[in-house]
Amino acid sequence: MTIMEKLGFWGSVASITGLLLFFLPQDGNTKDEETLPEIKQQTTGNNSPTIINRDGQVIINNPKEPEPQPKLNKVFEEGIIGGDIKYLESIIGFARKKSNENGEKRSYKVDNCDVTVGVEQDGTINALTLFLSPICNFSWKDMLPNHSDLPQPNKMHFGDVMESIPSDYWRITASCLSQCGNTENPYIELKFGGSNADNHICAILGSTSDVESWSNLSQKIIKEKGAEFVINFEYNCNYDLKKAAKGILDTSKVDYITIRVENQTDIDEISCERIFK
């Protein structure tokens, strides 16, 4: 190796050694290396990202887009009852089915929940029915604020109303308790609300699945009044059904709830043939 080659080689070694000494901690202990403070900067504007400088590394955190309000919440809110069906359908779409039994009713699928809407001839909404499930629910405070202390609808039983509201302010009726036949879909309903304080809006809790309790109630009435009394639906008008139902229907699960305008049918004395729907 020539003199010049030797000088070049040792010059390279010296340069590399100098660079290592410059970048390595002076005490040789990497654990004690001083780290740069984290610098965070929030940019301005709606849904703006946050920029973070962490040890020289730039990190951009984009905020999550706000989840859209479920359509179901927009159905069961103040002002919908008494509103126009065209406005509601602009939110939830057109009805899947229409019927004119006891007034026009339109059926919808909203957020995977079954909703029925009662509509008057001029398009005014007079009733909302929600078939309850773990995901199908609404808030009492949005529909009947005076009763916002009740459990959330999809966790309710008849006893929640029977025990918390004086018996003068709720009523029970049954479509059928005995020999209903194959064509009848029996139900029991409990109605409350409808006063001036409730803006003449009432609620009807419906049970369609508690067959055992219905049978127990039917047997109790038959023992007192006879089978014909039950077959002819006289328990809806000539009998204290509320008193008989206490202790029997308390645990009946609520399967659907109708929120609607109080009407003259509710105010008049109920005949033996008449029911709430």
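Reader: Is E104 buried, partly exposed or exposed, and what is its relative accessibility?

Author: This is a predicted model, and in it E104 has a relative accessibility of 22%. Buried means under 20% and exposed means over 50%, so E104 counts as partly exposed.

Reader: Which residue does E104 form a salt bridge with?

Author: The partner of E104 is R106, and their closest N and O atoms are 2.7 Å apart. R106 counts as buried, because its relative accessibility is 11%.

Reader: Which other residue is linked with E104 and R106 in a network of salt bridges?

Author: That residue is E89, which joins E104 and R106 in the network. Between E89 and R106 the closest N and O atoms are 3.1 Å apart. This pair connects distant parts of the chain, with E89 in helix 3 (residues 85-92) and R106 in strand 5 (residues 104-110), 17 residues apart. Both E89 and R106 are buried.

Reader: Let us return to helix 3. Which of its residues are buried?

Author: The buried residues of helix 3 are I85, L88, E89, I91 and I92. They are on the same side of the helix, because they cover an arc of only 155° around the axis.

Reader: Why do some residues of an α-helix point the same way?

Author: An α-helix has 3.6 residues a turn, so residues three or four places apart point the same way.

Reader: What do the buried residues of helix 3 pack against, then?

Author: They pack against helix 2, strand 5, strand 6 and strand 7. The face turned away from the buried side carries the exposed residues K86 and S90.

Reader: Which residue caps the N-terminal end of helix 3?

Author: D84 is the cap, with a side-chain oxygen 2.7 Å from the backbone nitrogen of K86. Just after helix 3 comes G93, which takes a positive phi of about 90°.

Reader: What about G83: where is its place?

Author: G83 is in the loop between helix 2 (71-75) and helix 3. At 18% relative accessibility, G83 counts as buried. Leaving aside neighbours within four places in sequence, G83 is in contact with G123, T124 and I125. G83 and T124 are 41 residues apart in sequence, and their C-alpha atoms are 5.6 Å apart in space.

Reader: A new topic: how many disulfides does the structure hold?

Author: The structure holds 1 disulfide. C113 is joined to C136, with an S to S distance of 2.0 Å. The link is left-handed, with -95° about the S-S bond. C113 is in strand 6 (residues 113-119) and C136 is in the loop between strand 7 (125-131) and helix 4 (140-143), 23 residues apart.

Reader: Are C113 and C136 buried or exposed?

Author: Both C113 and C136 are buried. Another cysteine, C202, is buried with a relative accessible area of 0%.

Definitions and conventions: Residues are numbered from 1 along each chain as its sequence is written. This is a predicted model: local features need pLDDT of at least 70, side-chain atom pairs count only at pLDDT 80 or more; totals for chains, interfaces and linings use all residues. Side-chain values use heavy atoms; hydrogens and water are left out. A disulfide is a pair of cysteine sulfur atoms within 2.5 Å. Helices (H or I, at least four residues) and strands (E, at least two) are DSSP runs, numbered from the N terminus. Buried means under 20% relative accessible area, exposed over 50%, partly exposed in between (1.4 Å probe, protein chains only). A salt bridge is a side-chain nitrogen of Lys or Arg within 4 Å of a carboxyl oxygen of Asp or Glu. Contact means heavy atoms within 4.5 Å. The arc is that of the directions from the helix axis to the C-beta atoms. A polar contact is a pair of N or O atoms within 3.5 Å; within protein, one must be able to donate a hydrogen and the other to accept it, and residues adjacent in sequence count only if both atoms are side-chain atoms.
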